[in-house]
Amino acid sequence: MALNEDGKPFLSVEVGGMSGIPAKFINLSNVYHFNRMLCETNIVIIGCGGIQSLADVKDYMNCGAKFCQVGRGILEQGIEILSSLNKEFQDDDAITQSKL
């Protein structure tokens with residue numbers, strides 16, 4: 001959260017303001033640590049932040065995410081990013097085999 005000169009939050013909701021690629025490495029760390037803490041539970045971790053390619057999805061999966069959210073990528077690349085990610089996902093044997 002960032003404050004203005006009067007000590008009030010810049011954002012009216014008092015949270016947020018960072019997303020996409022700048023948040024990715026913080027989020028990856030959080031996914032990794034939550035996965036270690038929750039590995040014996042049924043809680044599913046969803047990775048989000050900076051996902052624009054299959055490599056980004058793999059980063060989150062390697063840290064323990066079971067699913068990924070694509071938000072900023074849609075804003076920047078359009079809805080077509082989902083088709084692109086789906087094609088990359090289907091073409092990647094390592095991921096396809098791990099899902100069987």
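Reader: Where is Val-44 found?
Author: This is a predicted model. In it, Val-44 sits in the loop between helix 1 (21–38) and strand 1.

Reader: Is Val-44 buried, partly exposed or exposed?
Author: Val-44 counts as partly exposed, because its relative accessibility is 45%. Together with Ile-46 and Phe-67, Val-44 forms a nonpolar patch on the surface, with about 300 Å² of accessible area.

Reader: Where is the confidence lowest, and where is it highest?
Author: Helix 5 (residues 93–98) is lowest, with a mean pLDDT of 60, and strand 1 (residues 46–48) is highest, at 95. The chain averages 85, and 83% of the residues score at least 70.

Reader: Changing topic. How many salt bridges are there?
Author: The count is four. One of them joins Lys-24 and Asp-56, whose closest N and O atoms are 2.6 Å apart. Lys-24 lies in helix 1 and Asp-56 in helix 2, so this pair ties together parts that are 32 residues apart in sequence.

Reader: Are Lys-24 and Asp-56 buried or exposed?
Author: Lys-24 is buried, because its relative accessible area is 6%. Asp-56 is buried as well, at 11%. Both belong to a network of salt bridges that also includes Asp-59.

Reader: And what does Lys-58 meet in a salt bridge?
Author: The partner of Lys-58 is Asp-92, at 2.7 Å from N to O. Lys-58 is in helix 2 and Asp-92 in the loop between helix 4 and helix 5, so the pair ties together parts 34 residues apart in sequence.

Reader: Why does Asp-92 count as buried?
Author: Its relative accessibility is 14%, and the cut-off for buried is under 20%. Lys-58, at 30%, counts as partly exposed.

Reader: How far apart are Asp-92 and Leu-54?
Author: They are 38 residues apart in sequence, and their C-alpha atoms are 8.8 Å apart in space. Leu-54 is one of the buried residues of helix 2 (residues 54–63).

Reader: What about pockets? How much space lies in the largest pocket?
Author: About 260 Å³. The largest pocket has 12 lining residues, and Val-57, Phe-67, Cys-68, Leu-85 and Phe-89 lie nearest its centre.

Reader: Which element gives the largest share of that lining?
Author: Helix 4 does, with four residues. Helix 2, strand 2 (67–69) and helix 4 (80–91) each supply at least two.

Technical notes
Residues numbered from 1 in each chain as written. Predicted model: local features only at pLDDT ≥ 70, side-chain atom pairs only at ≥ 80, totals over all residues. Heavy atoms only, no water. pLDDT = per-residue confidence, 0-100. Patch = residues over 30% accessible without salt bridge, like charges linked within 9 Å, V, L, I, M, F, W, Y side chains within 5 Å. Areas by Shrake-Rupley, 256 points an atom, 1.4 Å probe, with all protein chains shown as cover. Salt bridge = Lys/Arg side-chain N within 4 Å of Asp/Glu carboxyl O. Buried < 20%, exposed > 50% of the residue type's maximum accessible area, 1.4 Å probe, protein only. 1 Å grid on protein atoms, 1.4 Å probe; cavity = no way out; pocket = protein on both sides within 12 Å on 5 of 7 lines; lining within 4 Å. Points joined across faces, edges and corners; volume = space filled by probe spheres on them.
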